[in-house]
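I opened this notebook to record what I looked up in one structure.

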Amino acid sequence: MKIAVSDLQPNPFRNLANYPLNPEKVEALKRSIKSTTFWDNLLVRKSPSGKGYELAYGHHRREALRQLKITEIDVPVRDIDNTRMAKIMASENMEEWGTSAVIEQETVRAIVEAYGAGEIEIPKPGLHGVVRNAPYFSIRREPSSSMTKFPYTAETIVLFLGWKYYKVDGALAALALIEEGVASAETFKELSSGQAMRVAQQGRRILNQTGDVRKARIVAKGLAAGMRFSSGKPMTPADKKAGTREVTAATASRVAS
């Protein structure tokens, strides 16, 4: 079906501000399209609003088409429900940014918030695992009557996404700290899944031991900065300002005191 490129909208579950496009990939696609005229590998559905079409995947290709000023393309239009659109979004994110803890967190966030809004369905919780209530991440939050409609566990998110358990568990732990004001997305920037989990665990431990959000925040930021520094990755401006790159899991309690 012939569609104007200007009518192509992002997958509703992909926040392009949080899931940035890779400029190098866009440039590579532009070169490929110029040399072969091949721009396929897009899949869309009609927008539920009735205005335009929503991409299931192919966001880099859409941007390449826009930059090349290609105004119309022929693409398959399918009947895709929200649950499938969310799964496709998660799969595309992992293919592009599979080693980024921040992208893992934002992907899990999108799924939990969509579930909490009643936009998608995920498996129901079983008898095991810590139950949270969407759209929230903290297990400290007391569930209200409205929240109990959307219970979930790490395992139900694992079943939905098809990810390894540790990735989902780590993402939920980090998102809970962000929700409670102990950390921010910036805290986990440039960290791997394992590093982010360690930061979340130590931040949570200090919070549980002291009940002091400020102390827990210092430890989480310092430990994350130390991991970036030891990995040879660039320190964020917040890292340099805090000057706490020496914080380790072993010294977290001392630093927090």
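Entry 1, the model. I noted that this is a predicted model, in which local features need pLDDT of at least 70, side-chain atom pairs count only at pLDDT 80 or more, and totals for chains, interfaces and linings use all residues. I number residues from 1 along each chain as its sequence is written, and side-chain values use heavy atoms, with hydrogens and water left out.

I looked up helix 4, which covers residues 101–116; helices are DSSP runs of H or I with at least four residues, numbered from the N terminus. I found 15 of its 16 residues buried, where buried means under 20% relative accessible area (1.4 Å probe, protein chains only). I then checked the length of helix 4: at 1.5 Å a residue its 16 residues should span 22 Å, and the end C-alpha atoms are 22 Å apart, which agrees. The expected span is 1.5 Å times one less than the number of residues. After helix 4 comes Gly118, with a positive phi near 75°.

I located Gly116 in helix 4. Gly116 counts as buried because its relative accessible area is 16%. Setting aside neighbours within four places in sequence, I found Gly116 in contact with Ala134, Pro135 and Phe150; contact means heavy atoms within 4.5 Å. The C-alpha atoms of Gly116 and Asn133 are separated by 7.8 Å, and these residues lie 17 residues apart along the chain.

I found six of the eight residues of helix 5 (residues 154–161) buried, among them Phe160 and Leu161. Just after helix 5, Gly162 has a positive phi of about 75°.

Definitions and conventions: Buried < 20%, exposed > 50% of the residue type's maximum accessible area, 1.4 Å probe, protein only. Helix = DSSP H or I, 4+ residues; strand = E, 2+ residues; numbered from the N terminus.
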